[in-house]
Amino acid sequence: MRLWKQCVTLILTALLTVLFLLGIYTVFTKRCVDTGSEGLKAKSIELAAYLPFEEGSQVARVPSSLKLNGDLPILDGAAALYPIFAAVVQATYPEDAVSFNGIDFDADSALQYRNTRGAYKAIVDGEVDLIFCVDPSEDQLAYAADNGVELVFLPIGREAFVFLVNEQNPIEALTQEQIRGIYSGRYTNWSQVGGANRLIDPLQRNAGSGSQSQMERFMGGEPMKKPLFGFLGGAIGFSFRFYVEALVTYGGVKMIAVDGVEPSAENVRSGAYPIVTNLYAVYRKGDDSPNLALLLDWLLSEEGQALVEATGYVGVTK
Amino acid sequence: MSEKTYYRILFAILAVGILCLAVLIWYTADCYRNGSIISYIARERW
C-alpha cells in the first residue's frame, strides 16, 4: 500500500513538473510567438498585400508600353523584392497570368514566390524563368555550376543593407568596423560600442537567405560567431531597407546609421550610404525566349526603372 | 521503496525536466532568431 501511494505521488509530481516547466517555456519563448496572419507565418511576407490586378492591392502601378502575351516567363524571387516582380506582372502581363489561392500562388501561375533559397534552386532546375534576388551564396553558385547552368545577373536596382535594433536600444549609429567587431565576437557588450551595459546578441539568418549571403560578403571572410548566452542580451540584426520600412510592419525596431549615414533612399541614390547592394534580375544563360528578352530590355528602360522607383527602391540608370 | 530512493527518483525527474526545458528554450529561440530577425528584435525588452 505504501509503495502504491509513493508511485502515485511520483506520477503526480512528474505531471505537475511537466505542467510547471511548460509554463516556464511559454513565458520564456513568448517573444518567439509570431502573431502575424497565416499568410505571413507561411511565407514571411503578405503576398496578398501586393497581389497584381487586385483592387486595394499596394502593388505599384506604372504605365507600360510592353504587354506580353503567349509564352510568359515565370517570375519568382526574394521576399524583399516581391513588390518589384509583382509590379512587373501588373505592368506587363495579362490579368489571367496570376492565380492565387489565398496563401500561395497556384502551380500554373506566372507569378510565383519561393523566397531567395527556393528561387535560386528553381531557376537552376528550370522551374522558373526569371528571378529577382540579391547576390547568391557560394552554395547557390555551386549548385548552378554542378547542374551545368550559368546564371546571368542583370542589375535593375540598388538597395541599402541595413542593421537594426530594438527601438528602445539607445544606440543610434555604428561604424562598419564596430559591426564587424560585434559579429566576429570582438565586442560582446553594447557599452563597448557606445551603448548601454548589456550583452550583444548578434542575430543571423538561415544560410542561403539573401540577407545572410549579403552579411557574409560584408564580413569579408571574417567568421561570424554566435555567443552562447547571446539570447540574454540586446539584439542586432540585418536586412534590407525597404523590407524593414514597408514590408514588415511589426514596429518596435529602428535602423541604425552606418558610419554616420542614415539608410534612406536618398542616401542610397547619392552613394552616401556605405553598404549598398544590387538588386538583380537573374536568368539562365542561353534562354532565348523572346518574351524574356523583351522583359529584360523593359526592366532597364525608363518605364522599368520608373517601376523600380515607384516600388520604393532605387534604380540603376539614374 | 525507501525514502532515499523516492527522493532520488523525484530529483531525477526534476533534473531531466529542467535540462529538457533549457534545451527546448534555447532551440526555439535559435530557430526563431534565425528565421524572423525583425519580429524577434521588435519583441525585445529594454
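A:Glu177 is partly exposed, at a relative accessible area of 39%. Partly exposed sits between two cut-offs: buried is under 20% relative accessible area and exposed is over 50%, with a 1.4 Å probe and protein chains only. A:Glu177 has a salt-bridge partner, A:Arg186, with the closest N and O atoms 3.4 Å apart. By salt bridge I mean a side-chain nitrogen of Lys or Arg within 4 Å of a carboxyl oxygen of Asp or Glu. A:Arg186 is partly exposed too, at 42%.

A word on the source. This is a predicted model, where local features need pLDDT of at least 70, side-chain atom pairs count only at pLDDT 80 or more, and totals for chains, interfaces and linings use all residues. Residues are numbered from 1 along each chain as its sequence is written, chains are lettered from A in the order in which they are written, and side-chain values use heavy atoms, without hydrogens and water.

Back to the charges. A:Asp76 is buried, at 0% relative accessibility. A:Arg114 is partly exposed, at 32%.

Next, A:Asp125 and A:Lys121, at 2.7 Å between the closest N and O atoms. They sit four residues apart in helix α4 of chain A, so about one helical turn separates them. A:Asp125 is at 31% relative accessibility, and A:Lys121 is at 44%.

Now the two chains. 52 residues of chain A are in contact with 31 residues of chain B. Contact means heavy atoms within 4.5 Å. Which elements of chain A give two or more residues to the side that touches chain B? They are α1 (2–28), β3 (151–166), β6 (234–240) and α8 (241–247). α1(A) gives the most, with 13 residues. That side of chain A divides into 26 nonpolar, 18 polar and eight charged residues. Nonpolar covers Ala, Val, Leu, Ile, Met, Phe, Trp, Tyr, Cys and Pro; charged covers Asp, Glu, Lys and Arg; the others, Gly among them, are polar.
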